[in-house]
Amino acid sequence: MGEAAEESGAPPVEDGDVPAAPATASPDEPAAAGVDDAGEPAQEPGASSESAAPADGGAPVEGSAEGGGEATSGPVDGEGGDAAGAPDGAPPPDGEAAPAAAEGEGEGGDAGAGAAEAAGDAEGPPGEEAAEGEGGEAAGDEGGEGGEGAAEGEGAAEEEAPPPPPPPPPVELEPLPEDYVPVRDRPPIPEPFLRNEEGKPVPLPGVESLFLTGTTVDLVGLQGLGPGNITRELTREVLLGDIQFRGAISDFHAYKAKIQAADYEPLIIRFNEDDVYGDGNNYEIALTAEAANVWKAIAEETESRKRLLELEAAHVAAEKAKPRSKRVRKVKPWVSMGSEVDIEEASVRPRREPIRLVVQRKRREFHQPGAKLADKDAHELWNSSQMECRPFKDPNFDMRRMEQDVAVQAVAPLRDAACQSTGAIPPRPAVTQTEALDLGPEAKAELLSKPVAERGSVAGFLERVRDLAEVAMVQNEITNIFRDDLAALNDEADGGGGGSRKETLVSEAQSFTHLTFSKNKVVSAIQWLPHRKGVVAVACTEAQSHAERVARMGRTSPAHILLWNFRDPIHPELVLQSPWEVFAFQFNPLHPDLLTGGCYNGQVVMWDLSSEADRLGRRAAAAAGGGKAGGVTEAGGAVSTSGAAADRLGGSVSAKGPDLTPPSTAMGTTLGAGGLGATEAASSSSADGDAHIPVVKHRFLTDTQFSHHQVVTDLQWLPGVEISHRGKVTKLGEGSKECNFFATIAADGKVLFWDVRVEKLLKKGKKADELLDVVWKPIHSVHLISLIGMDLGGTRLAFDFKRLDQGMFYAGSFDGELVYADFIKPEGEENPDYAKSCLQAHVGPVIALERSPFFDDIVLTCGDWQWQIWQEGQATPLFASGYAQDYYTAACWSPTRPAVLYLADQSGSVEVWDLLDRSHEPSIRVTLAATPIMSLAFNPMPASASAAQQAAQQLLAVGDATGVLRIMELPRNLRRPVHNEKKLMGAWLERQQARLADVAARQPARGAARKEAEERKKEAEAMALAEAAAREAAAKDAAAAAAAGIPPPQADRREKKGAPPPPEFDEKAEQEYLKLEARFKAQLGLLPPEANGSAH
Amino acid sequence: MSDIESTLTRIQGHKGVIGVIIVNNQGVPLRSTFEHDAMTKQYADLIPSLADLARNLVRDLDPQNDLEFLRIRSHKHEIMVAAKDDFVLLVIQDPNAAST
């Protein structure tokens, strides 16, 4: 209720007030509850204790006045009220009620926003009240009620209050006094009764509630009492007269004494319309002055308030009539409706002390000239140099963040902790340190000795897991699970001959020949440069027979070694000139710029290419440039000053001085024939294109006197050892880069060892150009004797490079012998026999002698039509091939496949023998040329075997008898070893060994058997002869006998069979035949014993 | 005791077996055929924790599953780990020696 009242009207402040509450309450309970309602609010303020006056029209007026305290609706009411003035004026109450109703209705009709609710509530009831009022009920209560009902509409009605707009009040309205309290702000009018403990109304003391019948009313003149006019004064005489007149039936009879005793005059009777006390009485009478005063006071107060309300209303109306600007506005005190919380929330309050910033400037900087300040446009500033805060791209907004893969592995968290402690406080460092947990030996023993059945027994555990572990171990033993089966498959496919042509075919990659240097010459030796890829050196010799050579003996015939680069198949990269034909040469494996060659006359030459290396590099660059020919060449001239090529190559002729020595004359005498690494223009070349080919002359030449006396056939560098003059060999440290010695073998039966450090021979103080005087002598010499006691005509050398310090080597000879010798000179012997064994291996010269690159003790020899495999220390070959159709000219092992070897023959074919495939014939035979092949050489392989296997290509250089060098590319199946090839080859060799051993074991038995057979044969022959002789004698006898007429029986038979030949001829033939027969029989052992016997 | 020894000798009898170690669940080597104590300790220290990790993995993938056997193949060796109950059996084998 209170709430509704609050919202219903503009003046919320007064919400707690009495009138407002009944205002809303009354509509709820239209008529009867009216008093109740009015009573209820009265209780709250507790202000009605002494209101005694029952009848007064003021109450309703008051209610309405209260309601419209602020409203402008008041005027009509007020005027109505004013006009009515008297309590009994029916029309005024009526009029009053009507406007009230009108107000209510009007309100209902167009309620203001705030009044909607109250209006809704009030709508009906006022109507009823109005009806009541109209009904002419004069009860003041009712009027009050109606007034109250109207009051409720008050606030809302304020705007449209004057539906019947009254004429504006006279201007001469007195202003309200300063301390005027508006009616609605005044305390409520006390009630005209009391309330008991239960809140029920009880009559005031001195007041009697009574029931007056209509007759009584008429008799005493109480007609017309009703709402708005509820009290009437009656004199005591009237009442007493009524008692007297009517006697006991008078309504006042019961109170006769009290009336008589009443202390005032006239008595007041109040109309109790609503039966406030609930006792069914309709009137009450005040019998004491006190009670009457209360009633009077209430009535007066009501009346005065009604008047004041009218006055207020008049003021309000006057105010409203004024123009808006002139109105006096009442400032309403602020009332909290909860908005302060919102304000509180919305307000911003500093949380800290404000920062104090002092900007200072030095005084002297004030008013300085030059500081011109000017405004600039933003766009100008934006890019200008004055702009200190330039725009830039923030990479944070540019960077794209991709999804990130993060893996986390859960590991026990590691914690680093350190503690410093002092004295005896518990975590002492010694205590915090830990060591691996371990059990004492007893505890271990106890654990280990637990019986199987017991829980936690090691034995039981072992029993359970043993099988698992064993399965795994056996698996490892049986198969290698990480073997790449696919790779193996590939190998097998290769071995099976499948794959494309390219993969199985030996194909020619390139061929080289040079018109001047090599055409129609024999390629007698091939060497790949160990440090450069795609460069081959070839020694060419004249295709002359020994006789022709002998005829030319003594005359120098400059020969050349050509360096072919794969990049240029026409021109050799470099030509090394030698005074004599070179039959064997080799690059120093550790210092590839050094190379030595053995000449036909037995001398050894050395070239030093170190000065050429740069030149070659530059030349390679220049070659791209183009300018080939140029410079001066002296056609056919043997002498050249500074070669055109040398010039063009921007080189000084020689770093060691002017080179004016004619090479052909200087050569052949002693060492250092002036070449000293100089380059000459190859002026002898006929083709212009050859002009630029640099020719390098040898640097040193050995002394003829101390050199070989016949052709040097093989030359080998000996890395990693040091050989002394005394023939002692010392091994250099592991990984030594020294390679200063080489060995040569020649047909004169000597193996010579040379030290390449010729300069060492120079005596101190001598100058380099006196090198000419130095005599280059071999450091050690080994003389080998052939089987027949002559000098061994050596052809090939084979050292075991892994055990050089042991000094054992193989040598082959022109006579097919294989010598196993030791080049270390034994102590104390002047002319020791170096050869350990000398075996007849071949019929013709040994043309190849090579150790297997995979098996240290296996040696391949090749001569005439056969090749053999020897094992070190064996007197017979492990394996000897069948005889080929053509004479072999060269042989070598495959550097990557242990079971493969290559042989070249006179017919121009190369045979590939794969011993694991077949050993009675070559696996592959390729005919490369129509001319005999003279030499074979593989390109150098990377050091490690695995790398070699993976190498992209394997090249075989093949030189023939017409000076053509062919580079053959080998197919993959010849390059890559089959799985486990080395092991298989080892097994193959073992089988051969076993075969040899078997043969050797049978040798004595077979020899004996053979011997026996031969003896028996001889015996039989002897017997046959004897028999024949006997027969002859018998025949003679027979003949004699025949002549005498007694033919022998056998002869008889024969004579019977055949026609009798002429006697002489017959006899001879017969004897021959018999002899043969006898021998045959003896051989077959068919001779009859009697014959034996007869023979004896 | 003899059971254990005989089993150990039997395991060691396989080709290429380098050593056998029995470790308890606290990482204490109970029995080892290695001569070097340090080697034993290292194996006993490192391998069981790996086996535990492997077991965790297996059981994380399927809680009803369990690690049966763990084989670690390295360039030189194969380490076979049988972890059951309270003990771990380590067998170190050289597969190259075994397969040749």
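Student: Which residues does A:Ile259 touch, not counting residues up to four places away in sequence?

Tutor: Contact means heavy atoms within 4.5 Å. By that rule A:Ile259 touches A:Arg236, A:Leu239, A:Leu240, A:Ile243, A:Phe252, A:Leu267 and A:Leu287. Please note that this is a predicted model, in which local features need pLDDT of at least 70, side-chain atom pairs count only at pLDDT 80 or more, and totals for chains, interfaces and linings use all residues. Residues are numbered from 1 along each chain as its sequence is written, chains are lettered from A and ligands numbered from 1 in the order in which they are written, and side-chain values use heavy atoms, with hydrogens and water left out.

Student: How many residues has the largest nonpolar core?

Tutor: In soluble globular proteins, nonpolar side chains tend to be buried together. A nonpolar core is a set of buried Ala, Val, Leu, Ile, Met, Phe, Trp, Tyr and Cys residues joined through side-chain atoms within 4.5 Å; buried means under 20% relative accessible area (1.4 Å probe, protein chains only), exposed over 50%, and partly exposed in between. Here the largest such core has 31 residues, and A:Ile259 is among those with the most contacts inside it. Elements of chain A that each supply at least two of its residues include strand S3 (207-210) and helix H10 (236-246). H12(A) provides the largest share, five residues. Helices (H or I, at least four residues) and strands (E, at least two) are DSSP runs, numbered from the N terminus.

Student: Why is strand S9 of chain A largely enclosed?

Tutor: Seven of the eight residues of this strand (residues 535-542) are buried, so the rest of the structure largely encloses it. Two strands pair if DSSP finds at least two bridges between them. S9(A) runs antiparallel to strand S8 (residues 521-528) of chain A, with seven bridges joining them; A:Val523 has A:Cys540 as its bridge partner. S9(A) also pairs with strand S10 (residues 559-565) of chain A, in the antiparallel sense, over five bridges.

Student: What area do chain A and chain B bury between them?

Tutor: The size of an interface is often given as the accessible area lost when the parts come together. Buried area is that loss (1.4 Å probe), summed over both parts. Chain A and chain B bury about 3,200 Å², 67% of it on carbon and sulfur atoms.

Student: Which side chains meet in a salt bridge?

Tutor: A salt bridge is a side-chain nitrogen of Lys or Arg within 4 Å of a carboxyl oxygen of Asp or Glu. Those of A:Glu470 and B:Arg10 meet in this way (2.8 Å, N to O).

Note on methods. Buried area = accessible area lost by both parts, 1.4 Å probe.
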